[in-house]
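This briefing is for a reader new to the structure.

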Amino acid sequence: MYPNVQAYDRGVMFNPDGRLFQVEYAKEAVRKGATSIGMVAKDGVVFVAHKNINDPLAVSNTIQKVFRIDSHICATYSGMVSDGLHIIDTARSNTQNHRMLFDEVKSIESLSKNISSYMMQATQYGGMRPYAVSLLIGGIDSQPRLFEIEPGASFLGYRADAIGSGKKVATEMLIKEYQDNMPIDKSIDLGVRIIKKVSESKLSEDNLDIGFVTIKDGFVLLSREQTTEYI
Amino acid sequence: MYPNVQAYDRGVMFNPDGRLFQVEYAKEAVRKGATSIGMVAKDGVVFVAHKNINDPLAVSNTIQKVFRIDSHICATYSGMVSDGLHIIDTARSNTQNHRMLFDEVKSIESLSKNISSYMMQATQYGGMRPYAVSLLIGGIDSQPRLFEIEPGASFLGYRADAIGSGKKVATEMLIKEYQDNMPIDKSIDLGVRIIKKVSESKLSEDNLDIGFVTIKDGFVLLSREQTTEYI
Amino acid sequence: MYPNVQAYDRGVMFNPDGRLFQVEYAKEAVRKGATSIGMVAKDGVVFVAHKNINDPLAVSNTIQKVFRIDSHICATYSGMVSDGLHIIDTARSNTQNHRMLFDEVKSIESLSKNISSYMMQATQYGGMRPYAVSLLIGGIDSQPRLFEIEPGASFLGYRADAIGSGKKVATEMLIKEYQDNMPIDKSIDLGVRIIKKVSESKLSEDNLDIGFVTIKDGFVLLSREQTTEYI
Amino acid sequence: MYPNVQAYDRGVMFNPDGRLFQVEYAKEAVRKGATSIGMVAKDGVVFVAHKNINDPLAVSNTIQKVFRIDSHICATYSGMVSDGLHIIDTARSNTQNHRMLFDEVKSIESLSKNISSYMMQATQYGGMRPYAVSLLIGGIDSQPRLFEIEPGASFLGYRADAIGSGKKVATEMLIKEYQDNMPIDKSIDLGVRIIKKVSESKLSEDNLDIGFVTIKDGFVLLSREQTTEYI
Amino acid sequence: MYPNVQAYDRGVMFNPDGRLFQVEYAKEAVRKGATSIGMVAKDGVVFVAHKNINDPLAVSNTIQKVFRIDSHICATYSGMVSDGLHIIDTARSNTQNHRMLFDEVKSIESLSKNISSYMMQATQYGGMRPYAVSLLIGGIDSQPRLFEIEPGASFLGYRADAIGSGKKVATEMLIKEYQDNMPIDKSIDLGVRIIKKVSESKLSEDNLDIGFVTIKDGFVLLSREQTTEYI
Amino acid sequence: MYPNVQAYDRGVMFNPDGRLFQVEYAKEAVRKGATSIGMVAKDGVVFVAHKNINDPLAVSNTIQKVFRIDSHICATYSGMVSDGLHIIDTARSNTQNHRMLFDEVKSIESLSKNISSYMMQATQYGGMRPYAVSLLIGGIDSQPRLFEIEPGASFLGYRADAIGSGKKVATEMLIKEYQDNMPIDKSIDLGVRIIKKVSESKLSEDNLDIGFVTIKDGFVLLSREQTTEYI
Amino acid sequence: MYPNVQAYDRGVMFNPDGRLFQVEYAKEAVRKGATSIGMVAKDGVVFVAHKNINDPLAVSNTIQKVFRIDSHICATYSGMVSDGLHIIDTARSNTQNHRMLFDEVKSIESLSKNISSYMMQATQYGGMRPYAVSLLIGGIDSQPRLFEIEPGASFLGYRADAIGSGKKVATEMLIKEYQDNMPIDKSIDLGVRIIKKVSESKLSEDNLDIGFVTIKDGFVLLSREQTTEYI
């Protein structure tokens, strides 16, 4: 790193290498967030997300990590909680507006582009900071889709992907064990196993969010009982 | 901490670790505020809040720490007084607007999200500072609920929770002694005992605010006489 | 104080302790202002305020320290003259608007909250400084009330209170000698004695403002002759 | 003065003592301006103002120091010429608007408050500097009145007052020699004598502005011939 | 480079040499992007673009490097993904608006000028950074055209051109091997050979985008199968 | 000058002496401009202005230094060319608007005040610099008038005046040789002689602008031939 | 140059000498641009402009240096390409608007003033940089005219003029060899000879733009063939 790195990291401004430090620091915040995993499965998309809850008095289901965006779209995030909720809300408004304006459901790629474009503004203008969240947005339109958007606002489709503190290990496991067209429940099994590995705390129905989208059922968020069965 | 920490703490801007120092400093202000405690009880939610009053000439009931937000919602805060009152006002407007627009009462989770979203703006844009308050918002909609929102604007549900200078000790006592479905008066007893422990000044009806929400009675703020009975 | 205190005192921004230095410096300006005293009395509220007039050619009654806000509300301030007059004007507009909108007089607590909220804006946004005034607002609505608002915008009710350079000494005297339900004239006597003590210059009808609010008479500002009788 | 005084004098911002350095520096600019004197006289108000004209080619009557604001109000200033003219214009618009809106003449105290309030804005918001002028505003409404407004925007009524470079000496002379209810011409005499004393250049009808307001004549600006008679 | 280069590279501001460092740093970001190649061919324009995909789980066709702008115009970019997508969107809106306003297709030179003009704003105003992308815009209007726009917003027409990390080597190969009026497939062959040379990773249908515009077919994006045939 | 002078000269801000350095630096720019002279003459006002033209290929009459503002008003400036032309344009619009709004010609003093007020804004608000021009505005309304406005926006009437690099010497000559009620041609003679003295380059019809306003002829700009006769 | 020159070159702000460094740095950028030459000829105006094209694959006619502004006006620029194109566009809009508003063609001097005024804004307000271009604007209205506008926004008419990197040498040649009323083709010859001298690269129809305006033909841009004949 440059000896004078601090000279370039105080705003939306390039360093001599063409890097935006504020964006890289926001990514560092994401790297501290709880791990989330998304997988394209047979006829659907699966999300398994860890929740950082250390306080025994907290009500675990008030920390949500897997969100219904529309009947056919769900999302999860890693990073700053308030930023994540803000972007999730933005995604929900975006799909609702699309329904109202065009009387059709929004495609997942189009939603991901819109969110990417929204987050990109925060990397170009002074007077604000980048969003400190990575998102996985997935669901089914013409086919099951899964996209990741990161603080720098680029987005990319994945067959399976992980974000947050366990990204590195989780990705290695996904590369080894993920297969196309795994059934929904096998995918959930894999996701839970990965979270178990990357998480330091014991998994329970309290610190795990599991959701999926299928053509038949649309978005489904597992109940605590259903979650327990997978642990 | 970084040797050059000051380089990153002058605005809404990340340090290389992805931290927002202004938000952390605002939390430090909260850590200096008088302690407030919230508990989900049997059929209700209870708030016990300490008031820092050292001036014998002050009129204690003009410092309010437990606030009616709506017929079924109450709140307390710790931190900067003017920020706290501003957010309380914002919460009241929010619930009133919801009533007027939708002709229904606002859910407590939805209110907490709105307040979180409002406070999040102050952590992203330049030209303003974060709010230096933590809030407990509670009440009954479909069931008794309790949420905490902190200066970084994240929010989380709790069965029992403490904010302010006594947070650490109070939380330990809550973990040991709080039980689900305690009756309202037992909960108040526990709350008062905790405030006694974390407070350096002698408790009296002058420096204690006690309120609760039940289905039957809605929001109730104890009178000075009723407060005295619990001390 | 921090060795690098100057790093945090250039705007509306927290230091690592969660303090807003610009607000504290504004309080320092208030500490240099002439002393004002307010007391809840039997059936009324009394204000006694010192005026710093050293120029023998000044027309003493053009420095006003005790102001009629509405028929039943009066106020005094200590601190920067122009800020004080600005806030007094804001208070007057606020009560007049309330009358026009709701056809009722404003409660004193509600007015105090509004002024507190107005002054709070100046502690949160960049591009302006906090107001360098403390105010005492008092009067009678359902009962005699007295509130203090300080540069940090917090407000608190008092039975008797002092602001300005003599605050410390005056408060000690009030604690010792103030009693609830003192008649108006006894209260004025006490206030004048306190001002005499904290003021370095000789008291006269030129450098003293005395006013009170009673149910019977509303706001009354003593004439020079009436003032002389109390000295 | 503080060793690091420069740290606090770059904008509208308090130093640890609660002082606004930019306002104090603006006062320094006023202290360099030519002296103006105002006096309440019998049935009127008198202004005598010195004009700094060193250039023999300048047309002395194009430097105006005594201004008609309205039929019954006049004003003079010391300090930056362009700021002074701007505030004088503002005062004229203010009285004209009052006439148009309320069909009555503006009181002199009310005008002074409005100008004070206008100048106060320049001491609170960033992105502008305080006005570098002191003003004397005087005239007759219910009685003869005279007010001074300074760069910090406070205002105060006087029986007799001086502003500008000769303020200290002039004030001492006024204290010794000014008397209430002096006739207009005696007041002018006194004013001219004071200006003679504080001015380094020889007085003539070229560098002296004399004006007064009486009930009978309204505002009168002396002609060059009339001015000469007083020198 | 200047010893004090950092003094001039923090915003849209010239150094003593008349250089805009932020623009030069943005170009550095482009130099790190995957290589794209454009060629004017016989009766058409050809684009071959490399995609940086190292993640075996990524869905390669969700990284798009060759974009349809209008029926007769296509574009590719190198540099920051989010900036690239933003400019591509801007280009699409621009051509659609032109169609709607004038009922005719936009010329490629006119579109390039508009995009150049749009990107130029980001090099002149404070509070934002330059766009970190170079673009190749090509297609057929009266004849096949190809333009490059760089972060400094200048644009220039080319017969064949390369942008991104392999620009230097690719340009040397183009100079040696490119010929006017090569058939579309020969042009693609050349482009693929160049990308093979400048790319460190093995080429496949996953990391290569190939598109062309001809009068007969308008814009065509090769399918994975068609792409494979060229590798 | 202060050792830390640079601390106060970066914007519209006072130094401890009450000086605005940016205004003083703008005056320095004026001191580098070519000299212009204005004189009130018998029944008219005369302007003689030098033009800095060193390039033998320049078309001298495209540098204008003496401008018609209205039928009865003319002006000249010294300082930054673009600022000068901007203010000249502003003056022209100002007089035209006055004609349209009030159906009368603008007085020269009133125009000078308006321009002064316009230039004063640039000395008070941040985000812009003062205008680097001094102006002479003259003409005939009720009588011949001549005003100077400088970068600090103060204005003053003169019988005869000089601005620009030769101001000091020119003023000395004017004091010695200027007389009231000189005929137009004698005044021009004097002006030309002064310019000859203060100018390093040889005077010719190429680098001299001569204009005057009389009641009979309004504004007249001398032709090259007429100018030659005076050299 | 000042030891602390950097203190004054970060924005639109004067140094103690009254210089605007950002404007001077922008001029430095112009000094790096390819040379352009303009000449008033017999019955017309001639422009000869060099184009910096080193890339053998570039399409030379897409770099334009001589532009039609209106039927009777043409222009060339040296400096930053994107700034140049922006100002050229502004000039075109300006003349078109004039035609539409007044139903007459714009005079060349008036256009030059408007462009100068537009560029002047960028030298006065913060938050933007000066334009890094010099322009030659020429054509025929009542007679052949030629104007230069530089980054500081001053403008001046010329009989013959050069801008860009070869300005010094080119001007010397023009002074020696330019004559009034040279026929168009002789003027072009001279211009081409000058460009040959100041250019390091070999001249060809690829890196030379030649255009002229005559009464008979209006604006004419030479074809590649016609250009070749002059080399």
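Both faces of strand β4 of chain G are covered, with G:I73, G:A75, G:Y77 and G:G79 buried on one side and G:C74, G:T76 and G:S78 buried on the other. Buried means under 20% relative accessible area, exposed over 50% and partly exposed in between, with a 1.4 Å probe and protein chains only. The model is predicted: local features need pLDDT of at least 70, side-chain atom pairs count only at pLDDT 80 or more, and totals for chains, interfaces and linings use all residues; side-chain values use heavy atoms, leaving out hydrogens and water. Residues are numbered from 1 along each chain as its sequence is written, while chains are lettered from A and ligands numbered from 1 in the order in which they are written.

- Strand β4 covers residues 73–79 of chain G, and seven of its seven residues are buried, so it is largely enclosed by the rest of the structure.
- Helices (H or I, at least four residues) and strands (E, at least two) are DSSP runs, numbered from the N terminus.
- In a regular strand the side chains alternate between the two faces of the sheet.
- Strand β3 (residues 66–70) of chain G runs antiparallel to β4(G), and four bridges join them; two strands pair if DSSP finds at least two bridges between them.
- A hairpin of two residues connects β3(G) to β4(G), and G:R68 stands opposite G:C74.
- Strand β5 (residues 133–140) of chain G is also antiparallel to β4(G), with seven bridges.
- G:C74 stands opposite G:G138 in β5(G).

**Salt bridges within chains**

- Over all chains the structure holds 108 salt bridges (a side-chain nitrogen of Lys or Arg within 4 Å of a carboxyl oxygen of Asp or Glu).
- A:K51 and A:D209 form one of them, with the closest N and O atoms 3.1 Å apart.
- A:K51 lies in the loop between β2 (44–50) and β3 (66–70) of chain A and A:D209 in strand β9 (residues 208–214) of chain A, so the pair ties together parts that are 158 residues apart in sequence.
- Both A:K51 and A:D209 are buried.
- In another salt bridge, the closest N and O atoms of A:E109 and A:R145 are 3.3 Å apart.
- A:E109 belongs to helix α3 (residues 108–124) of chain A and A:R145 to strand β6 (residues 144–149) of chain A, so this pair ties together parts 36 residues apart in sequence.
- A:R145 has a relative accessible area of 15% and is therefore buried.

**Contacts between chains E and A**

- Contact (heavy atoms within 4.5 Å) joins 30 residues of chain E with 33 residues of chain A.
- The two chains bury about 2700 Å² between them, 59% of it on carbon and sulfur atoms; buried area is the accessible area (1.4 Å probe) that two parts lose on being put together, summed over both.
- In chain E, the residues that lose the most area to chain A are E:L57, E:T62 and E:R129, together 26% of what that side buries.

**Contacts between chains D and F**

- Here 30 residues of chain D are in contact with 33 residues of chain F.
- About 2700 Å² is buried between chain D and chain F, and carbon and sulfur atoms give 59% of it.
- Across the interface of chain D and chain F the rule finds zero salt bridges.
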